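Please look over the sequence and the model first, then read on.

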Amino acid sequence: QSSVYNNNSLAELIQQYKTATPERRADIDLLVYTTDAAQIDMIGNTLIKYPSTAVINIIDFVSYYSTRAPEAVWHVYRDNYIVYNDKFGLAQFKYASALRSMIRHQRSSQIILEIEKFFNTHVAGAGHLGVMNGLEEARFVSKFKRDSEPELTRYLKSQRFCRDL
């Protein structure tokens, strides 16, 4: 189930953010509750294109939305990799934690492979361990789902309480 923030309210908030000074932008919270990939993409790209004095906001974006729409977060990160790595490549704990969260929540085998290939050619700086941990977790969940889901589905369908629903 997707949760969508009111599009008009989000457009107004983003416009207010864009027209503010970098100092004022630091006080405007764009991290609204939504799971809509298009809205998350818009928020992430706005934070990158219109920086504030609170540089941490762009990494908070990754951490906040990684559980809500990890693929959208990955696309924003991938497209703005240089900015993220320049700003946080030396911030070991915050960067590694955000990268781990973004990667570990991926569920598409294709996206996991894309991320793996990306980081084979792009350095994550101090976030390297977060990338490695995130990939390990994402691969495990993907493999578990692929290998166990059919058997688990058969078992549940054979149980009376599942047939009654």
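## Around Leu30

Leu30 is in contact with Leu13, Ile14, Tyr17, Ile43, Thr46, Leu47 and Tyr65, leaving aside its neighbours within four places in sequence. The model is predicted. Leu30 sits in the loop between helix 2 (22-25) and helix 3. Is Leu30 buried or exposed? Leu30 is buried, because its relative accessible area is 2% and buried means under 20%. Pro150 lies elsewhere: Leu30 and Pro150 are 120 residues apart in sequence. In space, their C-alpha atoms are 40 Å apart.

## Overall build

The protein has 10 helices and 0 strands. Along the sequence, the pattern reads α-α-α-α-α-α-α-α-α-α. Taken along the principal axes, the C-alpha atoms fill a box of roughly 60 × 40 × 20 Å. The protein has 165 residues, and 38% of them count as buried. Its accessible surface comes to about 9800 Å². Carbon and sulfur atoms hold 53% of that surface.

Now the contacts. Take those in the protein with a separation of 6 or more: 72% of them are between residues 24 or more positions apart.

## The nonpolar core

The largest nonpolar core has 40 residues. Which of them touch the most other members? They are Ile43, Phe61, Trp74, Tyr77, Tyr84, Met102 and Phe119. Several elements give two or more residues to this core: helix 1 (7-19), helix 3 (37-49), helix 4 (56-65), helix 5 (70-79), helix 6, helix 7 (92-104), helix 8 (109-121) and helix 9.

Tyr77 gives a view of the packing. Not counting residues up to four places away in sequence, Tyr77 touches Tyr84, Tyr95, Leu99, Met102, Phe118 and Phe119. Ile43, another of the core residues named above, is among the contacts of Leu30.

## Two sides of helix 6

Helix 6 covers residues 81-88. Tyr81, Tyr84, Asn85 and Phe88 are its buried residues. Seen down the helix axis, the buried residues fall within an arc of 95°, so they line one face of helix 6. The face turned away from that buried side carries Ile82 and Asp86, which are exposed. Tyr84 also belongs to the core described above.

## A nonpolar patch outside

Some nonpolar side chains are on the surface. Leu152, Tyr155, Leu156 and Phe161 form a nonpolar patch there. Together they have about 410 Å² of accessible area. Which element gives the largest share of the patch? That is helix 9 (residues 128-158), with 3 residues. Phe161 is in helix 10 (residues 160-163). Phe161 counts as exposed because its relative accessible area is 52%, and the cut-off for exposed is over 50%.

## Salt bridges

Side chains of opposite charge can pair when their charged atoms come close. A search of the whole structure finds 9 salt bridges.

| Salt bridge | N to O distance |
|---|---|
| Asp79 and Arg78 | 3.1 Å |
| Arg100 and Glu137 | 2.7 Å |
| Asp147 and Lys143 | 2.5 Å |

Take the pair of Arg100 and Glu137. Arg100 lies in helix 7 and Glu137 in helix 9, so this pair ties together parts that are 37 residues apart in sequence. Arg100 is partly exposed, at 32% relative accessibility. Glu137 is also partly exposed, at 22%.

Asp147 and Lys143 both lie in helix 9. They are 4 residues apart, about one turn of the helix. Asp147 is partly exposed at 43% relative accessibility, and Lys143 is partly exposed at 44%.

Salt bridges that share partners also join Arg78, Asp79 and Glu114 into one network. Arg78 is partly exposed, with a relative accessible area of 27%.

How values were computed. Residues are numbered from 1 along each chain as its sequence is written. This is a predicted model: local features need pLDDT of at least 70, side-chain atom pairs count only at pLDDT 80 or more; totals for chains, interfaces and linings use all residues. Side-chain values use heavy atoms; hydrogens and water are left out. Buried means under 20% relative accessible area, exposed over 50%, partly exposed in between (1.4 Å probe, protein chains only). The arc is that of the directions from the helix axis to the C-beta atoms. Patches are made of residues with over 30% relative accessible area and no salt bridge: like charges are joined within 9 Å, nonpolar side chains (Val, Leu, Ile, Met, Phe, Trp, Tyr) within 5 Å. Accessible areas come from the Shrake-Rupley method with a 1.4 Å probe; for residues, only the protein chains shown count as cover. A salt bridge is a side-chain nitrogen of Lys or Arg within 4 Å of a carboxyl oxygen of Asp or Glu. A nonpolar core is a set of buried Ala, Val, Leu, Ile, Met, Phe, Trp, Tyr and Cys residues joined through side-chain atoms within 4.5 Å. Contact means heavy atoms within 4.5 Å.
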